[in-house]
Amino acid sequence: MFTSLLQRQSCSIRSFYSSTASHKTADPLRVLFCGSDEFSIASLRALHAHKNQQPQSVASIDVVHRPGKRTGRGLKKIREVPIKHVAEELELRTHEIDTFTGWTPPCPPNLVVAVSFGLLVPPRILNAAKYGGLNVHPSLLPDLRGPAPIHHTLLKQRERTGITVQTLHPKQFDQGMILAQTPYPGLAVPDNSTPSQLLDMLTPVGAKMLVDVIKNGAYIPPLKKAGWYPSSDSDSLDHAEKITKEHHRVDWKRSRIDDLLLRHRVLGDLWCTMPIESVRDGQKVIVEKRVVIHGLEEHIPERSLSEYGDNPGFFVEDTVPMQKLASADLLALTSDFRDLETEARNAVLRITSCTVDGGKKGQGRMEILRSLKVG
């Protein structure tokens, strides 16, 4: 259904931008740029370069960023937002805020640009800006609205992606009018991409599209919609919710091998819990502990899967004697073993690196192996 919708709409696609935008004129822009990370930095640099090349188009750029976060032992170090240093390098005025409440831009902007900012620009600031606001979003809106489109593009195994430039909505994220979008059918998502690789691919595309929107005057009223991605087919739309600890959690009774390999590639470390033998007050006790999995890979079992039992989770080959435990593989049985086609698909992972809560990072394998043998 989704493919047919795209085919029906492809014939009406003209270009990134409104064909009538080029003759529009605007006042020199006083831009309030709200950003944070490398994705937004690329847009800031491109906008600054455009300002230097065409000062009659962009008169000034003020940069808004959020405060740095305390990190490290005792939270004594402050990790600054990356865009702060770039703004200083470009000799732009910066404003550090963690909320818009009670704050008014010292230099009234006539255009607000927000890229990977994380705060909703309030109506009082947007309404005061003659040309409202723009946002650069790394997905084909309305698909994958939300704060984590890069990760969800990969987690949901989208074959195509792209960039969207939209207006800023005064009350909701990613609900503005689409002014520019990567043309049909979008950009191919490279096989086995990581978030950083996909971001590297999309970042320059987003920066260029933002500047092109300004050059072409697509932000100047009357605005013209430029989106093509189907909005009527709910099956083709997903929300890119914030990535949380739950996205990293492994439930061996439900998790499948392909899903775990995918999540590890996209999210990095995964985690689960398991009973671990510990010593408390001189007594051996079994404690449910969190295990962080840093590395895993598909493992071809030596025996038929039916011989490994029906209890998903960590295990060690029962043929391994205690004296050779140090060289044994820490394995994990996934829920795939229940499938009729299990023998052909495999259901076993080898854990190459893990950490048990309270232990040294990356050295949890032996602790788990001993618990499995003793158990």
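Colleague: Leaving aside its neighbours within four places in sequence, which residues is His50 in contact with?
Modeller: This is a predicted model, in which local features need pLDDT of at least 70 and side-chain atom pairs count only at pLDDT 80 or more, while totals for chains, interfaces and linings use all residues. Residues are numbered from 1 along each chain as its sequence is written, and side-chain values use heavy atoms, without hydrogens and water. With contact taken as heavy atoms within 4.5 Å, the partners of His50 beyond those neighbours are Ser57, Val58, Val211, Ile214 and Lys215.

Colleague: Is His50 buried or exposed?
Modeller: His50 belongs to helix 2, residues 38-53 (a DSSP run of H or I, at least four residues; strands are E, at least two; both are numbered from the N terminus). Its relative accessible area is 2%, and since buried means under 20% and exposed over 50%, partly exposed in between, with a 1.4 Å probe and protein chains only, His50 counts as buried.

Colleague: Which residues lie nearest the centre of the largest pocket?
Modeller: Helix 2 is one of the elements that each supply at least two residues of this pocket's lining, and helix 6 (195-216) is another. In total, 44 residues line the largest pocket, and nearest its centre lie Ser36, Asp37, Ser116, Phe117 and Gly118.

Colleague: Which element gives the largest share of the lining of the second largest pocket?
Modeller: Strand 12 (270-280), strand 13 (283-298), strand 14 (313-315) and helix 10 (365-374) each supply at least two residues of that lining. The largest share, 6 residues, comes from strand 12.

Methods. On a 1 Å grid over the protein atoms alone, a cavity is a set of points where a 1.4 Å probe fits but cannot get out, and a pocket is an open set with protein on both sides within 12 Å along at least five of seven lines; lining residues have an atom within 4 Å of a point.
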